[in-house]
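Good morning, and thank you for coming.

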Amino acid sequence: MTDFYYPVLGDEVSLPLFVLGAGARDREWHFIREDGYPGYQIIYCTRGSGVLKIADGEFPVKAGDAMYLPPNVPHEYYPVEDIWETHWIAFSGRDAQYTLEHIKLEKAKVVHISDLSGVEAIFKKILYLLKTNYYYAGHECSMHLYQFLIELHRVTNMQNGGQDSTKLNQLKPVINYIDTNFYKELTLVELADLIDLSPQYLCRLFKECLNLRPFEYLARKRIQQAKIFLLEDKLNINEIATKVGYNDCSYFCAVFKKHEMLSPAEFRSLHKKAGK
C-alpha cells in the first residue's frame, strides 16, 4: 500500500500535539537528510527490512521495528530488500518533546514493537481523518496521535518480549504479594526475600519496570483501596485508614491528599450519592 497525506494546517497548531502528515509506502524510498526533518517522525516497518544511519551508528530495521527521529537530526535510511513497507507519522506541538521524553523517546533510536495491531489501528484512523474535508479532522488527529504515542510506549516497554518483560515477570510475585497484603506493615527486606534479591536491586527493578519504588507502589495500592471504601460509605475515615495499613489517620489523610489533591472527606463528599 502506498498512501500518504499532508494536511493544510489550521488552528490545531495551537494544541499540545498535532499531526503534520501520515502515510504508508510498500517500497520505502532512500532518504538522505543532512539537516534532518523539521518535525518529529515515527516510522515503523510492517514488512521487509532496511537500515537507519544516524550519528550513533547504523541500525537494522525489520518488521515490527520503529524508527524515532526528532526534528533536525541528520539521518539516512534505505531498504535492503525489494520490499520494505513502512507506515509513518510526522508531528509537532509545544508539548511534543516533553511527551516523547516521558515515554522514553529522548533521542533518535530504533525500538521494537511487540504487537503492531494497536498502533496500526490508531494509524489508520489518523490517515483516514487526514484525507477528509471535515473541519475538525486535525483536532481529532491530535487526540489519536496522543493515543498512538501511549500505545507505542506500552508495546515497546512493559509489553516488550525482551528483557523488560523478563524483569516484569520476575517482579510479579512481589506485586501480587503487595496487592494481597497491602494492609500489613511490609518491609523492603521482606519483599526482596520473596524473589531472593537484595533490597537495593529490588528497588532498581521496580524503577526500571514500573517507574516507581516498591513503597510508592504500595502507597498507590492503599489509596486505590481506600477510594473503594470511601465510595461504599460504610466506614469512617479513621477505620478506613486502619484497614488500608495506616495506623496514623493524619498521615493517611496527608498521603491521600498528595495523590488525589483532595482529602478523603472531600473525595467522599464529591462522589456521594444524593440523599445520603
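The end C-alpha atoms of residues 172-270 lie 35 Å apart, and this span is 75% helix and 0% strand. Helices (H or I, at least four residues) and strands (E, at least two) are DSSP runs, numbered from the N terminus. UniProt, in an unreviewed entry, places the feature "domain: HTH araC/xylS-type" at residues 172-270; its positions are given in the numbering used here, feature names are shortened, and annotations may be inferred rather than shown by experiment.

This is a predicted model, in which local features need pLDDT of at least 70 and side-chain atom pairs count only at pLDDT 80 or more, while totals for chains, interfaces and linings use all residues. Residues are numbered from 1 along each chain as its sequence is written, and side-chain values use heavy atoms, with hydrogens and water left out.

The protein is divided into domain 1 (3-158) and domain 2 (164-271), with bounds from an automatic or database domain assignment. Their C-alpha centres lie 37 Å apart.

Thr 156 belongs to helix H3 (residues 137-156). Is Thr 156 buried or exposed? Thr 156 counts as buried because its relative accessibility is 13%; buried means under 20% relative accessible area, exposed over 50%, and partly exposed in between (1.4 Å probe, protein chains only). Beyond its neighbours within four places in sequence, Thr 156 is in contact (heavy atoms within 4.5 Å) with Val 111, His 112 and Ile 113.

Finally, the cysteines. With a disulfide taken as a pair of cysteine sulfur atoms within 2.5 Å, the count is zero. Cys 253 is in no disulfide, the nearest cysteine sulfur, that of Cys 249, being 4.2 Å away.
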